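Colleague: I would like a close look at one part of this protein. Please keep it brisk and take me through it residue by residue.

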Amino acid sequence: MAAQRPAPAGQPRRDVPLGDRASANTTPAALVASGAGLGILALVLFGLAFGRGRRQRRTLGSQRAAVVVDHEVIAAAVSRKVRRAAGLAPGQVTTTVGGRSVRVQVRPMSGEPLVPADIQATVDGELAAYALDRPVRSSVNILNEGAVGQ
């Protein structure tokens, strides 16, 4: 048998398979650390995938079906109801739905005053009709500047 010569410095041995060379050069602590890091990354990705999304959603009371809507749908419906009740043009009512509150901002037509109590009653009636899963408080803000020519 011929004696094997050691590989020159800086060059890997060619007679050892690549898998054996990789495991010989990798410490067990590095393998454990990389496995733990990948496990934590997997848990974070699963949490993001199956956790709550970015859109806030609420369930509406219904006898026939399960109804889930996001806050934008509730805001649009409340704005439309207030706009129709007050006789305003599109864009004069803005509604924002948060976790515990609904804020309605109304920009009346110039020279035509609005009664805040009527607007508040319209908002509260619309929210009561939805039978939301969590109670919300509503507030109405009627701006001082009116819209001209709408």
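How many helices and strands does the protein have? And at what angle do helix 3 and helix 4 pack? Please take helix 3 as the part to look at.

Modeller: A word on the source before anything else. This is a predicted model.

The overall layout comes next. The protein has four helices and five strands. From the N terminus on, the order of the elements is α-α-β-β-α-β-β-α-β. The protein has 150 residues, and buried ones make up 22% of them. Its accessible surface is about 11,100 Å². Carbon and sulfur atoms hold 57% of that surface. Now take the contacts in the protein with a separation of 6 or more. Residues 24 or more positions apart account for 55% of these.

Now to the part you asked about. Helix 3 covers residues 71–86, and helix 4 covers residues 116–130. The two pack at an angle of about 140°. Their axes are 10 Å apart. Roughly antiparallel would need an angle over 145 degrees. The angle here is about 140°, so helix 3 is oblique to helix 4. The crossing of the two helices is right-handed.

Which residues make this contact? From helix 3 come Ile-74, Ala-77, Val-78, Lys-81, Val-82, Ala-85 and Ala-86. From helix 4 come Ile-119, Thr-122, Val-123, Glu-126, Leu-127 and Tyr-130. Sorted by class, the contact has ten nonpolar residues, one polar residue and two charged residues.

Start with Ala-75. Its relative accessible area is 10%, so Ala-75 is buried; the cut-off for buried is under 20%. What does Ala-75 touch, beyond residues up to four places away in sequence? The partners are Thr-95 and Val-97. Gly-98 is 23 residues from Ala-75 in sequence. In space, the C-alpha atoms of Ala-75 and Gly-98 are 9.6 Å apart.

Ser-79 is next. With a relative accessible area of 11%, Ser-79 is buried as well. Leave aside its neighbours within four places in sequence. Ser-79 is then in contact with Val-93, Thr-94 and Thr-95.

Asp-70 lies in strand 2, which covers residues 67–70. Is Asp-70 buried or exposed? Asp-70 counts as buried, because its relative accessibility is 15%. Asp-70 and Val-97 are 27 residues apart along the chain. Their C-alpha atoms are separated by 9.4 Å.

Last, look past the end of helix 4. Ala-131 sits in the loop between helix 4 and strand 5, the latter being residues 137–142. Ala-131 is not a glycine, yet its phi is positive, at about 50°. Its relative accessible area is 43%, so Ala-131 is partly exposed.

Key. Residues are numbered from 1 along each chain as its sequence is written. This is a predicted model: local features need pLDDT of at least 70, side-chain atom pairs count only at pLDDT 80 or more; totals for chains, interfaces and linings use all residues. Side-chain values use heavy atoms; hydrogens and water are left out. Axes are lines fitted to C-alpha atoms, for helices over the stretch in contact, and angles run from 0 to 180 degrees between N-to-C directions. Angles under 35 degrees count as roughly parallel, over 145 as roughly antiparallel, 65 to 115 as roughly perpendicular and the rest as oblique. A crossing is left-handed if the near helix is turned anticlockwise from the far one by less than a right angle, and right-handed if clockwise. Contact means heavy atoms within 4.5 Å. Ala, Val, Leu, Ile, Met, Phe, Trp, Tyr, Cys and Pro count as nonpolar, Asp, Glu, Lys and Arg as charged, and the others, Gly among them, as polar. Buried means under 20% relative accessible area, exposed over 50%, partly exposed in between (1.4 Å probe, protein chains only). Accessible areas come from the Shrake-Rupley method with a 1.4 Å probe; for residues, only the protein chains shown count as cover.
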